[in-house]
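Please look at the sequence and the model first.

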Amino acid sequence: MKAMILAAGKGTRVRPITYVTPKPMIPILQKPVMEFLLELLRQHGFDQIMVNVSHLAEEIESYFRDGQRFGVQIAYSFEGRIDDNGKLVGEAIGSAGGMKRIQDFSPFFDDTFVVLCGDALIDLDLTEAVKWHKSKGSIATIVMKSVPKDQVSSYGIVVTDEEGRVKEFQEKPKVEEAKSTNISTGIYIFEPEIFNYIPSGVEYDIGGELFPKLVDIGAPFYAIPMDFQWVDIGKVPDYWQAIQGVLTGKIKNVGIPGHEVAPGVYTGLNVNVNWDKVDIQGPVYIGAMTKIEDGAKIIGPTMIGPNCWVCSDATVENSVIFEYSRLGAGVRLVDKLVFGRYCVDKTGASIDVQAASLDWLITDTRQKPPSTTPMERQAIAELLQTNGS
């Protein structure tokens, strides 16, 4: 059976992580989110998988390759061009445009197929969803969930009749304009006939253009509400909550890796810690080859990636620290996400510029802090503008 994972987006709402890591590769305790999707697809018999890629495409392709070690076959549809220096330049053409490009190249989708967004953790019964889709004679089916009213502006809103037929689709409406609290989860089931309604060679979106068109022409277009765990990581706060959910056990389909050395404290290989001289309160994950100096205090839920260095008397509380980060002596990090040279508040709405300038974050404050490069300063400026700080 055939499926597609949408992986071409830039992930602007998850910056600064997506400056160097494409959204499907964002790790949930060291495992890319897209890997969980491959496992789910394989479990339900989907073993031929197309992935559209654009932004940082090589990162995705070099990790998953042809899919052999994941028990599936994978092919990639690159959206973009190769410049005069041989560098890949991403030029995404929209979710529906990406589907159409694959089908125009060679008719790959010849039966019922599933399309998943590459930025969510799910444990959906895909087999049951496909069965319901076929029973309705649907050309397109959306898998839905209900969210609180104040969250509707982040999602595509689905309005259905009693039979589940879609009457209206609102792409990220204002709260006061939303006609439902049922949202699209980015999980779709299609028949090959869907390509009759997607134009070739242009940018075209599933939620913003294809679905409203299906409603307008009265196509057999349905949506089904299903009870399953769905954790979107489309924004920094979403990612934050996903890590917390895994560490606290609220997300059941993701295990904490490593070895449990104390109640709620997990480590990777060869962590350098004098356990009698640190204060660590779980749930905490500490990655392999990370050093925690004497006097440090770590309070969960906290994730510290591999190859990090937490200096003496530093405090890390309710934070997410990516690999190769160094926290200087006496640093206090509370409710922060540290990624390379960036330190972002857990809401994703602000950036600690002092942290980004490398003052106390990755070097001892007794040393002269290194200056940022022009590229780093530009990245900081873009992030500030994106987050409205």
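## An open sheet

In which order do the strands of the open sheet of 4 strands stand? The order is β19-β22-β25-β28, and the pairing is parallel. Strands β19 (279-281) and β28 (332-334) stand at the edges with a single partner strand each, so one side of each has no neighbour in the sheet. From one strand to the next, the twist averages 5 degrees. The model described here is predicted.

Strands of a sheet pair through backbone hydrogen bonds, and the pairing is either parallel or antiparallel.

Strand β14 covers residues 221-225. Of its 5 residues, 4 are buried, that is, under 20% relative accessible area. Strand β14 is therefore largely enclosed by the rest of the structure.

Strand β10 (residues 140-146) runs parallel to β14, and 5 bridges join the two.

## Helix α1

Helix α1 spans residues 33-43 and is mostly covered, with 8 of its 11 residues buried. Which residues of α1 are buried? They are Val33, Met34, Glu35, Phe36, Leu37, Leu38, Leu40 and Leu41.

After α1 comes Gly45, which has a positive phi near 90 degrees.

Technical notes
Residues numbered from 1 in each chain as written. Predicted model: local features only at pLDDT ≥ 70, side-chain atom pairs only at ≥ 80, totals over all residues. Heavy atoms only, no water. Buried < 20%, exposed > 50% of the residue type's maximum accessible area, 1.4 Å probe, protein only. Pairing = 2+ DSSP bridges. Axes fitted to C-alpha atoms, helices over the stretch in contact; angles between N-to-C directions.
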